[in-house]
Amino acid sequence: MRYLLLISADEETAAEAMAAGEFGTFDAWMADLERRGGLQVHAGLHPSTLATTVRVRAGEVLLTDGPFIEGREQVGGLAIIECADLDEAIEIAAGHPAANIGQVEIRPLR
Amino acid sequence: MRVERELDEAFRRDWGRVVATLIGVTGDWDLAEEAAQEAFASALTAWRRDGVPAQPRAWLITTARNRAVDRIRRERVGAAKMREAAFLNEPDAVSAAAVDTSIPDDRLRLIFTCCHPALAFEAQVALALRTLCGLTTAEIARSFLVPEATMAKRLVRAKQKIATAGIPYRVPPAHQLPRRTSAVLGVVYLLFHEGYVALDRPELCERAIQLAALVADLMPDDPEARGLHALLLLLHARAAARTDPDGALVPLEEQDRSRWDAAMIDAGTRQIRDAMRAERPGPYQLQALIAACHATAPTPAHTDWARIVTLYDGLATLVPSATVRLNRAVAVGMSTGPDAGLALLDEVGDHPLLPAARADLLRRLGRRADAADQYRRALAATDVAGERAYLERRLAECIAS
């Protein structure tokens, strides 16, 4: 099974936690994924204030300065993993440091 | 008539097992259910014609499997999935599984999968009642007071999630087992609780008891599973006396104890005694022991409140929740005196039943004005008709005197 992990959190809290070095277990998460051998894609994102949202309506390209959903909770990273089943995906998601302050949404890939 | 009776019996006993086995073999929940349904339907004619088979379950599983194979062959276009192909070529594996008692009961995998924490409570219960107990979608919809179409959609979505999101069909590995077992017990308890607090929906309680019996059976080494079954039996045994003819709640001490279900109390008492033999007490076992104290007291005055307080002490160390603190305070109020109970209620924290508990102890102290005030607050906190009727009666008593 392949899953997308959408890692999100309150951007301010996450930035503070990051600055305070509370994200220290990140290496351990990566090491665990490497050991499992299922990490296909992993990327951290710049803050949502830098996002540009594109919509095409009636042939016209409309741009919004910001993310597609406004709010304090924003996606800050994503990963695509390959693993046995949802139970393993849950274990991997629960091990991500951001799960302690935000949340990780697991979506099966088509 | 004998064939119909045997078939009814087989349905009650074997439906869950047939479905569980077929899911294990085909990996397809819908196919498993449909094949099981067809097997039971064809049994009526076949058993009338040929007599009831010596091993009804093996007959049903083999027939269901053949129906599933037929269906896949019929519907197969182009390349079949690997799993389907594999089981089409192993015709004897299923019949062997059906008769060989050393093969673990697939219903255990089924209950763990139905109660997977990635599914919502409504989906968990609906799946379990459909696949394990053989309730129809219409019956489940009625139990939850939703239209049948809503329930059908809920079941489809749950099965889709299991298949597409990769929820495994298995008994969880050892490191997840304790947490996942409590999840299963929690689903059954919650189902019962919904019926218990509603006062007028006993079928939810009955269905929860049916599931609890099954789970206790499937997990013979888990004393908490037995404890839960015992607890539900001991609580539900009082059902007939818990409301008056108008549906108003009747408190424990005013209940007509001759209307309690003695056989159910016996079964519950036996089950908790068996559970305690493992000497691994847990929250459900302790609650069952408390329920047994009430269920076995011949009159309210015979209730061993001191023992109930001790049991709540144990429960509070395992489950330090506001509900446990509230119930413990009430028990102290009955054992030591209302003043002691009221003092403890001040330390409970937020709880919707706090005003009702305070009101009752104040009433026992004869502080009618204070009690009336608390009954009014309690009335504002509930919309359960039977509970409101009881609280209004008490409020009227406090104001009248």
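A polar contact is a pair of N or O atoms within 3.5 Å; within protein, one of the two must be able to donate a hydrogen and the other to accept it, and residues adjacent in sequence count only if both atoms are side-chain atoms. The model is a predicted one, and in it seven residue pairs, both at pLDDT 80 or more, are in polar contact between chain B and chain A. On the side of chain B that touches chain A, four residues are nonpolar, five are polar and two are charged.

The contact draws eleven residues from chain B and eight residues from chain A. Together the two chains bury about 680 Å² between them, and 49% of this area lies on carbon and sulfur atoms. Charged side chains also take part, with three salt bridges counted between chain B and chain A. A salt bridge joins the side chains of B:R170 and A:D87, with a distance of 2.8 Å from N to O.

Attention can now turn to the interior. In soluble globular proteins, nonpolar side chains tend to be buried together. Here, the largest nonpolar core has 115 residues, and those with the most contacts inside it are B:L110, B:I111, B:L211 and B:L232. Helix 2 of chain B, spanning residues 29–50, supplies the largest share of this core, ten residues.

Most residues other than glycine have a negative phi. B:L145, although not a glycine, has a positive phi of about 55°. This leucine sits in the loop between helix 8 (137–143) and helix 9 (148–164) of chain B. Because its relative accessibility is 62%, B:L145 counts as exposed, the cut-off for this class being over 50%.

B:E279 gives another example, with a positive phi near 55° in a residue other than glycine. The loop that holds B:E279 runs between helix 14 (262–276) and helix 15 (283–295) of chain B. With a relative accessible area of 68%, B:E279 is exposed.

Definitions and conventions. Residues numbered from 1 in each chain as written. Chains lettered and ligands numbered in written order. Predicted model: local features only at pLDDT ≥ 70, side-chain atom pairs only at ≥ 80, totals over all residues. Heavy atoms only, no water. Core = buried A, V, L, I, M, F, W, Y, C linked by side-chain atoms within 4.5 Å. Buried < 20%, exposed > 50% of the residue type's maximum accessible area, 1.4 Å probe, protein only. Helix = DSSP H or I, 4+ residues; strand = E, 2+ residues; numbered from the N terminus. Contact = heavy atoms within 4.5 Å. Buried area = accessible area lost by both parts, 1.4 Å probe. Salt bridge = Lys/Arg side-chain N within 4 Å of Asp/Glu carboxyl O. Nonpolar A, V, L, I, M, F, W, Y, C, P; charged D, E, K, R; others polar.
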